Amino acid sequence: MDQIDKKILFYLLKDYRTSQRSIAKMIGISSPAVNYRVDKLIQDKVIKKVSLYVNPNFYGKYHAYVAFKNIKDWEGECVFKVNCLEETNVYEIEGSSLDDLKKKIDIMSESLGYPRMVYIPKQQPYNPSNFDLKLVSIMKEEPTLDTMYLADKMKVSTKTIRRHIRYLYSRNFIRLIPEIDLTKAGLIMYAVFTHNVEIGRKFFARQMFREISDDTAGIFVNVGDSLEEVKEEFFKFREFDKDADLMIAIDYSVS
């Protein structure tokens, strides 16, 4: 692993659909070189697999992010899970209503203790069409299928598939997530929870690949090269928000 591999992984984390030609241009190497490196990252199991994350709002549900001390794992259902370095696990959970979410958090608390963080972003559940439900179901099973194969499976034009996928991405309903072996990659993945969203967005712009926020709070997910770098960045940000929370990922998984 070198800095070029790490940059490639960053761009793939930011948007796995980014073309290798675009990545090559941003890094300053040739497209075949990017193709070779991506293939090698997959072959070496640095990129373990690619999963389709589906926002529960797409199914007409609500979701929340909850962090607990990792005395033990939560054995129930969750949408997304992150194991953290600082004795913390972060779970994204879903519910049929906001009250249902709060009940689930209470049930988790009975087993895992008092939550170290609870974030329920402002959200608007969606009412998907049967077409979109079928499309997302196929993509969930085979996340990296291209539009031609999807169009063939759905018996529609590639133009129709592109239009629907573009809409689903624009609403943040779906996202391709490469599950990376962070130890092999030599990357430090960390998230900062803050109520100072505007400053957080500007402060973490260079290293951020994922933002979950509303006008009250936000989670900024970033990558760094070392614990020292992450520590330095976080304490700089603490000057703007003394109550900000830091979570450093060991690994993560999409359900």
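Student: Which residue of S4 is the bridge partner of Phe80?

Tutor: Glu92 is the partner of Phe80 in S4. This is a predicted model, so the pairing is that of predicted coordinates.

Student: What makes S3 and S4 a strand pair?

Tutor: The cut-off is at least two bridges. Four bridges join S3 (residues 80–84) to S4, and the two strands run antiparallel. That meets the criterion, so they pair. They also form a hairpin, with three residues between them. Glu87 sits in that turn with a positive phi of about 55 degrees.

Student: How do you know that S2 pairs with S4?

Tutor: By the same cut-off of at least two bridges. Eight bridges join S2 (residues 62–69) to S4, again antiparallel. So S2 and S4 pair. One example is Tyr62, whose partner in S4 is Gly95.

Student: Why is S4 called largely enclosed?

Tutor: Buried means under 20% relative accessible area. Seven of the eight residues of S4 (residues 88–95) are buried, so the rest of the structure largely encloses this strand.

Student: What span does H4 reach, and what is expected?

Tutor: H4 (residues 98–112) has 15 residues. From first C-alpha to last, H4 reaches 21 Å, close to the 21 Å expected at 1.5 Å a residue.

Student: Which residues of H4 are buried?

Tutor: Leu101, Ile105, Met108, Ser109 and Leu112.

Student: Why say that the buried residues of H4 line one face?

Tutor: Seen down the axis, the buried residues fall within an arc of 105 degrees, so they line one face of H4. The buried residues of H4 pack against S2, S4 and S5 (117–119). The face turned away from the buried side carries the exposed residues Asp99, Lys103 and Glu110. After H4 comes Gly113, with a positive phi near 95 degrees.

Student: Which residues touch the most other members of the largest nonpolar core?

Tutor: Ile219 and Tyr252, in a core of 61 residues. Leaving aside neighbours within four places in sequence, Ile219 is in contact with residues including Tyr65, Met117, Tyr119, Phe193 and Ile212. Another core, of twelve residues, lies apart from the largest one. Its members include Val192, Val230, Phe234 and Ala244.

Student: Why does Lys155 count as exposed?

Tutor: Exposed means over 50% relative accessible area. Lys155 has 68%, so it counts as exposed. Lys155 is in the loop between H6 (147–154) and H7 (158–170). Its phi is positive, about 60 degrees, although Lys155 is not a glycine.

Student: Why is Asn172 called partly exposed?

Tutor: The class lies between the 20% and 50% limits. Asn172 has a relative accessible area of 45%, so it is partly exposed. Asn172 lies in the loop between H7 and S6 (174–180). Asn172 too is not a glycine, yet has a positive phi of about 60 degrees.

Student: What makes Glu77 exposed?

Tutor: Its relative accessible area is 72%, against a cut-off of over 50%, so Glu77 is exposed. Glu77 is in the loop between S2 and S3.

Student: How confident is the predictor in this chain?

Tutor: The mean pLDDT is 95, and 100% of the residues reach 70 or more.

Terms used:
Residues numbered from 1 in each chain as written. Predicted model: local features only at pLDDT ≥ 70, side-chain atom pairs only at ≥ 80, totals over all residues. Heavy atoms only, no water. pLDDT = per-residue confidence, 0-100. Buried < 20%, exposed > 50% of the residue type's maximum accessible area, 1.4 Å probe, protein only. Expected span 1.5 Å × (residues − 1). Arc of directions from axis to C-beta. Contact = heavy atoms within 4.5 Å. Core = buried A, V, L, I, M, F, W, Y, C linked by side-chain atoms within 4.5 Å.
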